[in-house]
Amino acid sequence: MSKSIEKRVWPTQSSLRQLEEFLSVTLIEKVERRKLTESQLLDLSAKELGHMFSCDGEKLYQTMRMLPRVEVDATLKPITYTIMQVSATLTPAFIWNDRLLGKNGAQSFWLTLENIDENLIVHQERIAINKKKVRMGESQNLIFTIPIRDHQLTNVFQLRVASEYFLVDDTVVALSMHNCILPKSYKAHTDLLPLDPLPVKAIGNELFESIYNFSYFNPIQTQVCFPLF
């Protein structure tokens, strides 16, 4: 909602409203009347756009791509039984226009990993993509880890990347752990065995025996006695 207020564009209106200095209001209204989604518009060729809206299709095709968007590829990889590694590749999918975005600087995006089943944000971070990377189409790689519990192994996760300043559709990638092969779970401790207390003399070394001022080891000392001595 804050972006809508800043850009003075309702979420129900076309994202092209943010490009009124490049496109006529009449053309934008034509686009809105068609009620096409942002992805549907981006799938159309310049020729198809020109035919559909009776306009300069090439200009509309290029102008739509000035709004900051990214393509995302992401995978999940188990590190341990309770830790998953998320690898994401972000590739800029927009044209840097100095009038719209400035001659220097960068465009910011928010990357969020969401647990859909539990309605939970698992991870969030801000990413900046500068003008040079956009012009070169250079991808940006991110790696981070998240904790996982047993009951979350069947949950559905999604990675969302949203522009910080512009009203455009978020890029969303679904992630699942169903095909992940997890390492075996190992206990963090060794169970205490029901052993009889060992006498200190079981060490068999008078020097070591002299350290202790009691005759018998406690249960823990009894269990670790022979591995230590």
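Mentor: Contact here means heavy atoms within 4.5 Å. Keep in mind that this is a predicted model.

Trainee: Okay. With that, what is Thr145 in contact with, leaving aside its neighbours within four places in sequence?

Mentor: Ile83, Met84 and Gln85.

Trainee: And where is Thr145 placed?

Mentor: In strand S5, which covers residues 140-147.

Trainee: How far apart are the C-alpha atoms of Thr145 and Leu27?

Mentor: They are separated by 46 Å. Along the chain, Thr145 and Leu27 are 118 residues apart.

Trainee: Switching to the overall layout. Which domains is the protein chain divided into?

Mentor: Domain 1 is 1-65, domain 2 is 70-176 and domain 3 is 198-228.

Trainee: What separates the centres of domain 1 and domain 3?

Mentor: 81 Å, with the centres taken over C-alpha atoms.

Trainee: Now helices. At what angle do H4 and H5 pack?

Mentor: About 115°, and their axes are 7 Å apart. H4 is residues 46-53 and H5 is residues 57-64.

Trainee: Is their crossing left-handed or right-handed?

Mentor: The crossing of H4 and H5 is right-handed.

Trainee: Which residues make the contact?

Mentor: On H4, Ala46, Leu49, Gly50 and Phe53. On H5, Gly57, Glu58, Leu60, Tyr61 and Met64.

Trainee: How many of those are nonpolar, polar and charged?

Mentor: The contact of H4 with H5 has 6 nonpolar residues, 2 polar and 1 charged.

Trainee: Last topic. How many salt bridges does the count come to?

Mentor: The count is 9.

Trainee: Where do Glu32 and Arg17 lie?

Mentor: Glu32 is in helix H2, residues 25-34. Arg17 is in the loop between helix H1 (2-7) and H2. The two are 15 residues apart, and the pair links distant parts of the chain.

Terms used. Residues are numbered from 1 along each chain as its sequence is written. This is a predicted model: local features need pLDDT of at least 70, side-chain atom pairs count only at pLDDT 80 or more; totals for chains, interfaces and linings use all residues. Side-chain values use heavy atoms; hydrogens and water are left out. Axes are lines fitted to C-alpha atoms, for helices over the stretch in contact, and angles run from 0 to 180 degrees between N-to-C directions. Helices (H or I, at least four residues) and strands (E, at least two) are DSSP runs, numbered from the N terminus. A crossing is left-handed if the near helix is turned anticlockwise from the far one by less than a right angle, and right-handed if clockwise. Ala, Val, Leu, Ile, Met, Phe, Trp, Tyr, Cys and Pro count as nonpolar, Asp, Glu, Lys and Arg as charged, and the others, Gly among them, as polar. Domain bounds come from an automatic or database domain assignment. A salt bridge is a side-chain nitrogen of Lys or Arg within 4 Å of a carboxyl oxygen of Asp or Glu.
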